[in-house]
Amino acid sequence: MKKLYILLFISLTAFTLYAQEPDGSAERQQQRNTRHEQIRSAKIAFFTSEMDLSPEEAAAFWPVYNEYWTERSNAMRRSQHALRRMSYALEKGEKLPETKIREYLHTYLNGSLEENNIHKKYFRKLSEILPVEKVARMYKAEEDFRIKMIRQLRGLGNQSNNPSQGRQQQ
């Protein structure tokens, strides 16, 4: 029953996000902030349910998870920025010095290594405050939530309640 409410909440959130047309950049920024907050709220509800967190566990978990997500997002952002910059230059025929290409490649390739180190670091931290099973549920919940959000953005909704079936379809 909890899952049904969470899915309904996520669906309604996504619907309201796309129903509004922004007029200016300030409104677009406000809409983006609202969208991020709604996604964050949906994620909190989803993770709490999927991980079966008690209030005490949730209080200890969320600050550590937020640190983890920030570090991970920053690493991915640096890596993707380097790839986009390099791709743009290559597509436009821009002549980059070899040192700049190496720098972009180094940043991009090290992103995976950096992200892996972040996963290890926070696995240790999370294992100190939660049972290992709940940490494993967190990783599964992350993937399930990501798939649900992709489906919503693609307009597929809830064609399947089994996220692994969604991976096979994609």
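In this predicted model, the largest nonpolar core is made up of 21 residues. Those with the most contacts inside this core are Phe47, Met51, Leu53, Phe61, Trp62, Tyr65 and Met138. Two or more residues are contributed to the core by each of helix 2 (25-51), helix 3 (55-91), helix 4 (98-129) and helix 5 (132-154). Helix 3 supplies the largest share, seven residues. In soluble globular proteins, nonpolar side chains tend to be buried together.

The surroundings of Tyr65 were examined as an example from the largest core. When neighbours within four places in sequence are left aside, Tyr65 is in contact with Lys43, Phe47, Met138 and Glu142. Of these contacts, Phe47 and Met138 are also listed among the core residues with the most contacts.

Helix 2 was then considered along its length. At 1.5 Å a residue, its 27 residues should span 39 Å, and the C-alpha atoms at its ends lie 38 Å apart, so the two values agree. The buried residues of helix 2 are Gln31, Ala42, Lys43, Phe46, Phe47, Ser49, Glu50 and Met51. Lys43 and Phe47, both buried in this helix, are thus two of the residues in contact with Tyr65.

Just after helix 2 comes Asp52, with a positive phi of about 55°. Asp52 is placed in the loop between helix 2 and helix 3. Its positive phi occurs in a residue other than glycine.

Methods. Residues are numbered from 1 along each chain as its sequence is written. This is a predicted model: local features need pLDDT of at least 70, side-chain atom pairs count only at pLDDT 80 or more; totals for chains, interfaces and linings use all residues. Side-chain values use heavy atoms; hydrogens and water are left out. A nonpolar core is a set of buried Ala, Val, Leu, Ile, Met, Phe, Trp, Tyr and Cys residues joined through side-chain atoms within 4.5 Å. Buried means under 20% relative accessible area, exposed over 50%, partly exposed in between (1.4 Å probe, protein chains only). Helices (H or I, at least four residues) and strands (E, at least two) are DSSP runs, numbered from the N terminus. Contact means heavy atoms within 4.5 Å. The expected span of a helix is 1.5 Å times one less than its number of residues.
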